[in-house]
Amino acid sequence: MKKLLAIFFIIGCCGISLFAADVQQTAYPYAEHSYLQGRTYYVLRSGRANMILQTDKVGYVPAFGFMLFDMGTPWQSKVKKGAYNFTETDAFYNSVLKMRLKSFPFTALPQTTESGWCYVEGIPSVFSDWWASGLKVKETITPIGDNGLFRRMVTLHSSDMVTTDTAYIQLSLPEQAAFSSEGMILCSRSMGIEIENSATDDTWADAVLGIAVPTEFTSKIINDGTTLEVGPIVIAPGEQVEVETYLLADVGSSSMEASEEKLKQAISKDEKLISAIADRWAVTNKIQTEDTVVQDMFDAARNALPCCIADNGAMNAGIFEYGLQWIRDASNTCLGIIHIGEFETARTVLEYMLANMITDEGTTMIAGMFDKPDLEQFDQMGEFMHAMKSYVDWSGDTSLLTKYRGKILKMIERPLHPVFRDETGMVHNRREFWERTFEDAYELAYQMWVIEGLRSAASLAGYLDADDRVPVWLAEADKIENAMLNHPTAKLVDDGHLIKRRNVKDKQIFTTLKYSSWVPGAPTGVESLSSVYPDATMALPVAMNLIDPKSELAYNTIMETEKLWNRRWNFGGHDRYNTSSQGDQPGPWPFATTFIMRGEHEAGLHDLSRRSLEWLYTVDGGKGGLWYEEIPVIAAGGFAAGLIPWTSGEVSLFMVRHLMGIKFDHGQMIIKPNLYETTAPLKADLRYKDSRINLEITGAGDVKYAFVNGKKISPDKMGRIVVPENFKGGIIKIVTD
C-alpha cells in the first residue's frame with residue numbers, strides 16, 4: 001500500500017517515533033510533521049524550483065515559512081528533510097522573515113498571522129499578514145520568470161506606533177554564504193537528506209540558494225554570514241514602506257557567478273521576468289460567481305495544480321509521504337489540469353507517462369515500479385485513456401496518439417488478456433483499488449475503469465489507426481458491464497446497491513477480513529474483525545454515469561457510501577472505506593470524499609454534495625488548494641498524511657464537468673448545468689482548442705434554451721444543450737427556468 005511505503009520510510013530512515021515528537025533533532029517540535037491541525041500548505045513554482053509554503057495557526061512556532069525542492073526530482077519531496085533549505089537544527093525556518101526593532105527580532109506567529117492566495121499582475125502569489133510590535137508586516141511571495149526566482153515584497157505599515165521608529169529586515173540562508181556581492185548572498189546546497197529514489201529517477205541536482213535586495217536599500221551581512229539585514233528603515237506613524245527582496249533557488253546551477261547574474265536580472269526589475277509568467281497564467285480558466293465556496297475552491301485548485309508538475313511532466317503523487325508515481329494519480333491530476341485550461345502542462349504529463357510509466361507490453365506503473373500480473377491495477381488503463389480522451393476533446397491535439405500508437409494499443413488490450421479474465425468476462429486479481437492484497441476477486445472499480453477505458457479508446461480509434469478494433473472494444477465493454485450488473489452469481493450488485501468486491505472462487509461477497517495494522521493504534525491492529533464495506537469507489541459508476549445517476553440503484557449506492565461520513569469522528573468527511581479495516585490511518589479522506597461528492601451531485605442530491613464541498617473548503621488544506629490525503633484521527637497520523645495533487649484535480653474537474661455540466665460524447669460538446677442555487681448566476685472564461693468559451697449560466701433550474709454565438713438552441717430530450725459540431729469557440733449563454 002502507498003501508506004505502508006511512507007510509514008516504513010519514516011520509521012526506518014528518519015528514526016522518528018510515531019508518538020514522541022520530542023525526539024526530533026530540530027529545535028522546532030512538529031516541524032517535520034506533514035499534518036498538524038491548523039496547518040495549510042501553498043505551492044509556487046519558478047521553472048525547476050518548487051516552493052512549498054507552510055502556514056500554521058497553532059502554537060508559537062513561526063507561522064510562515066517555506067521549503068525548496070527540485071520539481072524534476074519528485075522523490076525529493078518525500079520528506080521535508082529533503083528540502084534544499086532544511087537543516088537539522090532549524091528545519092526550514094531559516095526561510096522565515098525576521099523584523100528587528102532595536103535588539104528584538106519579531107517573526108510571524110500563528111495567533112496574529114493571516115495567510116492566503118493573492119494575485120500580482122495576474123500571477124497567483126501567497127501573502128502573509130502579521131505584527132512586529134506596532135508594525136503591520138505583509139509579505140507577498142510571487143514566482144517570476146522560469147529560472148528559480150521569487151520576489152518577496154515586504155510592506156511595513158506603522159499602524160500602531162506613536163512616534164517615528166527604525167526597523168531592520170533579516171533574511172537568511174540555511175548556511176554561511178559562500179559568495180556575496182553588494183546586497184546579495186548565495187550558498188550552494190545539496191538535498192537535505194539522501195532519499196531512496198524511484199524507478200524513473202536516478203540523479204539529483206544541487207542548487208544555489210540566494211537572497212538579494214536592490215542597491216537603493218542599505219544592507220549588511222550578519223550572523224556569521226548566514227543573514228542579509230536590510231536597514232535602517234525609518235518609519236513615521238501611519239507611514240507605509242515597501243521593500244522589494246528576491247529569492248533564488250537555482251537548481252542545477254553551473255556556477256555561483258551564473259546564479260549571481262540571475263539575481264542581478266531580478267534586481268534590475270526586468271519586466272520580461274514578470275510578463276512571461278503573467279502571460280502563462282492569463283490563459284488559464286476562470287470562473288465568476290458570488291458563491292464564495294465555489295469561487296475560492298476553483299481558484300485555489302487552479303493556482304496549485306500547475307505548481308505540482310515539473311516541466312517534463314513528472315509529479316510526486318504524495319508530497320511528504322510517497323515520493324513515487326502512479327499512472328492513476330498522474331492521470332487524475334492531469335484530468336484536473338485539463339479542466340483549468342493548462343493544456344501544455346497536461347500534454348507533458350501524458351507524454352511523461354507514455355515515455356516512462358507504461359511498458360511496451362502495456363503494463364502501467366505502480367509506486368514507481370511494475371508489479372506482477374496478479375497485482376496489476378486494472379483501473380490505470382481506463383484512467384489514462386479517460387484523461388487522454390478529455391485532453392483531445394478540450395485541446396484538439398491528437399499528436400500523442402500517433403506518436404505512441406503501439407504502446408497505447410498494447411495498454412488498451414492488456415486487461416482483455418485471458419489471464420486476467422474468466423467466463424464472466426470481468427477482470428479479476430488479488431489487488432484491490434486501495435492496494436491491499438486479498439483473495440482473487442472481481443473489483444467494482446476495475447470493471448468500471450476497464451469499461452471506460454475501452455469506450456474512450458473506441459472514441460479515439462481513428463487517431464490510433466485502429467477502427468477495426470472498435471467493435472471488439474465496445475463489445476467487450478458491454479460484456480463486462482452486463483456481467484457487473486446482471487451476472488446471476490458474480491454481479492457486483494447486492495440488496496439493491498453496488499458492492500465493492502466479490503470472490504472469484506465461491507462468488508461470495510468479500511465482506512470481512514483480519515490482518516495486522518502497520519501503524520500503532522490503527523483499527524486492524526486492535527480490533528478482532530474488520531469490514532470492507534462500504535467503499536468510496538462504489539460512488540464512481542454513479543459519478544461517471546456508467547449507471548443512470550437518477551436510478552434507484554444509484555440512489556441506494558450513494559446512501560451506502562453515506563455511511564462513511566463521520567464514521568468515527570464528528571468534524572465531517574468520508575473515509576475511503578469502512579474504518580474498521582484501516583490498517584494504517586483512519587480518518588476522513590478528501591479525495592475519497594470527492595468521489596462521493598461527484599456521485600451525490602450527479603444523482604441530484606445537492607444537499608449532500610454541498611455538504612461534501614463545504615467540508616473540503618473548510619478542512620485543513622482547503623484554503624491552499626493542496627489537500628492532505630487524509631485528516632488523521634490517531635496519534636501516528638501526523639507523519640504519514642501527505643499532500644495529494646490528485647485531490648486538487650478532482651476539485652477542478654467537479655467544477656467544470658459536474659457543476660457547469662460540460663461533457664463530451666464522441667467529441668461532441670454537451671452542456672447540462674447542475675448548479676447550486678447559491679452558485680447562480682455563473683460566468684466562466686474557458687480555454688477550448690485554439691480559442692475560448694465565454695460561458696454564462698443564468699440560474700440553477702432546468703435549461704430553457706441557449707444562445708451559441710447568437711444562435712438560439714433548444715435543449716434535447718435529456719435537457720442538454722448539444723453544441724454544434726462546427727463550434728470553434730465564442731459565447732454560450734444558457735438560460736434556465
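Which residues have the most contacts inside the largest nonpolar core? In this predicted model, they are F384, M388, M660, I662 and L695, within a core of 189 residues. Helix α10, spanning residues 444–460, gives the most to this core, with 11 residues. For M388, the residues touched beyond four places in sequence are L350, L354, L400, L401 and L460. In soluble globular proteins, nonpolar side chains tend to be buried together.

At the level of the whole chain, the secondary structure consists of 18 helices and 32 strands. The radius of gyration is 26 Å, close to the 27 Å given by the globule rule for 737 residues, so the protein is as compact as a globular protein of that length. Along the principal axes, the C-alpha atoms fill a box of roughly 80 × 65 × 45 Å. Of the 737 residues, 65% are buried. When contacts between residues at least 6 apart in sequence are considered, 67% join residues at least 24 apart.

Helix α16 covers residues 606–618 and has 13 residues. From its first C-alpha to its last, α16 reaches 18 Å, close to the 18 Å expected at 1.5 Å a residue. Its buried residues are L608, S609, R610, S612, L613, W615 and L616. The helices against which these buried residues of α16 pack are α4 (292–304), α14 (552–561), α15 (590–602) and α18 (645–659).

An open sheet of three strands, in the order β25-β26-β31, shows antiparallel pairing. Its edge strands, each pairing on one side only, are β25 (662–665) and β31 (721–722). Four bridges link β25 to β26 (residues 668–671) in the antiparallel sense, and F664 stands opposite M669 in β26. I662, listed among the residues with the most contacts inside the largest nonpolar core, falls within the range of β25 (662–665).

Strand β8 (residues 135–144) contains T140. The relative accessible area of T140 is 12%, so this residue is buried, the cut-off being under 20%. Apart from neighbours within four places in sequence, T140 is in contact with C118, V120, S125, V126, F127, R151, R152 and M153.

Several backbone features were also identified. Most residues other than glycine have a negative phi, and most peptide bonds are trans. A cis peptide bond is present between G231 and P232, with omega about 10°; P232 lies in strand β15 (residues 227–235). Another cis peptide bond joins Y533 and P534, with omega about -5°, and P534 is in the loop between β24 (530–531) and α13 (540–543).

S133, although not a glycine, has a positive phi of about 55°. S133 is located in the loop between β7 (123–132) and β8, and counts as partly exposed at 47% relative accessibility. N223 is likewise not a glycine and has a positive phi of about 55°. The loop between β14 (219–222) and β15 holds N223, which is partly exposed with a relative accessible area of 46%.

How values were computed: Residues are numbered from 1 along each chain as its sequence is written. This is a predicted model: local features need pLDDT of at least 70, side-chain atom pairs count only at pLDDT 80 or more; totals for chains, interfaces and linings use all residues. Side-chain values use heavy atoms; hydrogens and water are left out. A nonpolar core is a set of buried Ala, Val, Leu, Ile, Met, Phe, Trp, Tyr and Cys residues joined through side-chain atoms within 4.5 Å. Buried means under 20% relative accessible area, exposed over 50%, partly exposed in between (1.4 Å probe, protein chains only). Helices (H or I, at least four residues) and strands (E, at least two) are DSSP runs, numbered from the N terminus. Contact means heavy atoms within 4.5 Å. Two strands pair if DSSP finds at least two bridges between them. The expected span of a helix is 1.5 Å times one less than its number of residues. The radius of gyration is taken over C-alpha atoms; the globule rule is 2.2 Å times the number of residues to the power 0.38.
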